[in-house]
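Please look over the sequence and the structure below. The paragraphs that follow take up a salt-bridge network, then the chain as a whole, and then some individual parts.

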Amino acid sequence: MSSDSYESFDISMEELKGLAEACNLEVVGEARQNMDTEDSATFIGIGKVDEVREIIESTGADAAVFNNTLSPSQLNNLGNALKVEVLDRTGLILNIFGKRARTKEARMQVDYAELKYMLPRLVGLRSNLSRQGGAGGSLSNKGSGEKQIELDRRRIEKEMSALRRGLKEIEKTREVQRKHRQNSGIPLVSLVGYTNAGKSTLLNRLIDDYSNEVGQKVMVKDMLFATLDTTVRRITPSGHREFLLSDTVGFINDLPTDLVNAFHSTLEEALYADLIIEVVDYSDPNYLMHMDVTDKTLRQLGAGNIPRVTVLNKAEKVLEPSELPRMREDRIYISAHEGIGIEELLALIDEKLNEAAEKMELLIPYDKSRLENEIRSHAQILAADYRDNGIYIEAVMKKEYVSKYQEFKL
Ligand SMILES: Nc1nc2c(ncn2[C@@H]2O[C@H](COP(=O)(O)OP(=O)(O)OP(=O)(O)O)[C@@H](O)[C@H]2O)c(=O)[nH]1
Ligand SMILES: [Mg+2]
C-alpha cells in the first residue's frame, strides 16, 4: 500500500478501476491488504494470495491487477500462484498507452517503455514458457534457458537503441517545427492537466468557434488517456490576439517514471508555452489532488514558472447556471462541453498574454536594416512599411525584448 492514508488509498483504487476500464477490463472483485512491510515474494503475503485466488475462482476473472509496482519476481510468483494474467499499475498504464498510441512518435515512445519494462522481467517470462513446454527441470536445460534469456536481452537492447535513435530524429523535426512556431511570433498556449479533465473538449470548442481548422478536431472520450500525442491548432478569436493552442497527454498520480521519461518530448511541449491553461475537472471530488499532481508534474518538467490560468471545467455539474461563468483572479469556472465561459476565458488568455508582451511601433534606420529580420524572428509583425527615413514596423513582442529596441520607438 504505497498511499499514506486510507482516504488517498481509496482514491487511488477508484482510479485503478478507471485504468482497468480504459484497458477494456471489467472489474469483478477487489481485495485489500494492510501490512507494515511488503512480502518480498508475493507482495501481499501468502494468506492474501489465497483470498485473491478464491475471488478469481468464484468470479471467473481472467486477470489480477495490482495497484503497486511489483518486482519482476513478485509478478512471476503471483502469476504462478493465481494462474491468471497479473498486471501492476505500470503494466496497466503501459497497456492503455499501447492500445491508444496512434502517431509514429507515440507508438515508438510506448514501444520503448514496454521493452524497458520487460527487460528485467525476462527471467520470469522465460521460466513460464519453459514450464508450459513441459521441459522439466534438468540441469542441462537450465543452461540453455539462460542462453536464451541472454539472446532475448540482446535483441531487446538492440531494438531499444534503434527506437532511441528514431525518437531522436523525430525530436529534431519537432524542434524545427517549434523554432518555426517561435519565429512566427504567435504566442503558444498549452492545455495541460489531469487525464479526463476536458482538455480536448476545450480545444475542440475553440476550434469550432474560433479557428479555420474546423475539420481538424481531436478525439474526446470519457476515459483515461484518450489523448496521447500533441496537437497544435491556430485560434483566431475576433477582437483578441491570435494564438497557437496545444493539447497533449494528460497527467495522472503515480505515472510510472519510465513512461514520464519515454514521453518526455511530448510532455515537455508545455515548457515552450507562453501561457499554460491548467484544465481541472471541478466536478471530480478529488480535483484538489489532481491540481496538486498537475502542479508537481509541471514543476518536474521545469514549467513551474510559466504564467498560468486555471480553468475549473465541468462546473455546470456543480454550480447553478446563474453562477457561471465565475472568475476569481487567475481562476475561471466554465463548461467546455456546454460552451459556457468561453468568451471570458479568451479575454483572460488575452490579458495574460498581453502582460507578457507589448505592442511597439518602430522606425529602423536603413543602416540597421538587419534588425528587421531579427525582429521578425521573435515578434508578431502587424504592419511593415519601407519609408524614406527607415523601415516602419508595428509588432507585438515579448517584454524581455522591448528594451533592446527602445531607441527606435516611435
Ligand atoms: N459535463 C461535462 N462534461 C465534460 C465537460 N468537458 C468535457 N467533458 C467530458 O469529459 C470527458 C473527457 O473529456 P476530454 O476532453 O476527452 O478530456 P481530456 O482532458 O482531453 O482527457 P485525456 O485526453 O484522456 O487526458 C468527455 O466525456 C467529455 O465529454 C464539461 O464541461 N461538462
Ligand atoms: Mg484529450
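In this predicted model, a network of salt bridges links D10, E14, K17, E30 and R32. K17 takes part in two of the pairings described here. One is with E14, where the closest N and O atoms are 3.8 Å apart. Both residues sit in helix α1 (residues 6-22), separated by 3 residues, or about one turn of the helix. An α-helix has 3.6 residues a turn, so residues three or four places apart point the same way.

The other pairing joins K17 to E30, with the closest N and O atoms 3.3 Å apart. By the rule applied, the count comes to 29 salt bridges.

The protein chain as a whole has 14 helices and 12 strands. Its C-alpha atoms fill a box of roughly 95 × 55 × 40 Å along the principal axes. Of the 410 residues, 47% are buried. Among contacts with a separation of 6 or more, 66% are between residues 24 or more positions apart.

The chain is divided into domain 1 (9-158), domain 2 (185-354) and domain 3 (357-408). What do domain 2 and domain 3 bury between them? The area is about 500 Å², with 36% of it on carbon and sulfur atoms. G185, R241 and N354 supply 67% of the area that domain 2 buries against domain 3, more than any other three residues. In terms of contacts, 8 residues of domain 2 meet 7 residues of domain 3, while the C-alpha centres of the two domains lie 32 Å apart. The rule finds 1 salt bridge across this interface.

K398 and D274 form a salt bridge through their side chains, at 3.1 Å from N to O. At 34% relative accessibility, K398 is partly exposed.

In helix α3 (residues 72-82), the buried residues are Q74, L75, N76, L78 and L82. After α3 comes K83, which has a positive phi near 60°. Helix α4 (residues 89-100) spans 17 Å from its first C-alpha to its last, close to the 16 Å expected. Because 10 of its 12 residues are buried, α4 is largely enclosed by the rest of the structure. Its buried residues include R89, R100, L92 and F97.

T294, in helix α11 (residues 287-301), is buried at 2% relative accessibility. Beyond its neighbours within four places in sequence, T294 contacts V192, G193, Y194, F251 and E278.

Which residues coordinate the magnesium ion (ligand 2)? They are S200, through OG, and T227, through OG1, at 2.0 to 2.1 Å. S200 lies in helix α8 (residues 199-210) and T227 in the loop between α8 and β4 (231-235), so the pair ties together parts that are 27 residues apart in sequence. S200 is buried, at 8% relative accessibility, and T227 is buried as well, with a relative accessible area of 15%.

Note on methods. Residues are numbered from 1 along each chain as its sequence is written. Chains are lettered from A and ligands numbered from 1 in the order in which they are written. This is a predicted model: local features need pLDDT of at least 70, side-chain atom pairs count only at pLDDT 80 or more; totals for chains, interfaces and linings use all residues. Side-chain values use heavy atoms; hydrogens and water are left out. Buried means under 20% relative accessible area, exposed over 50%, partly exposed in between (1.4 Å probe, protein chains only). Helices (H or I, at least four residues) and strands (E, at least two) are DSSP runs, numbered from the N terminus. Donors are N, O and S atoms within 2.8 Å of the metal (3.2 Å for Na, K and Ca); water is not among the atoms, so sites may look incomplete. The expected span of a helix is 1.5 Å times one less than its number of residues. Domain bounds come from an automatic or database domain assignment. Contact means heavy atoms within 4.5 Å. Buried area is the accessible area (1.4 Å probe) that two parts lose on being put together, summed over both. A salt bridge is a side-chain nitrogen of Lys or Arg within 4 Å of a carboxyl oxygen of Asp or Glu.
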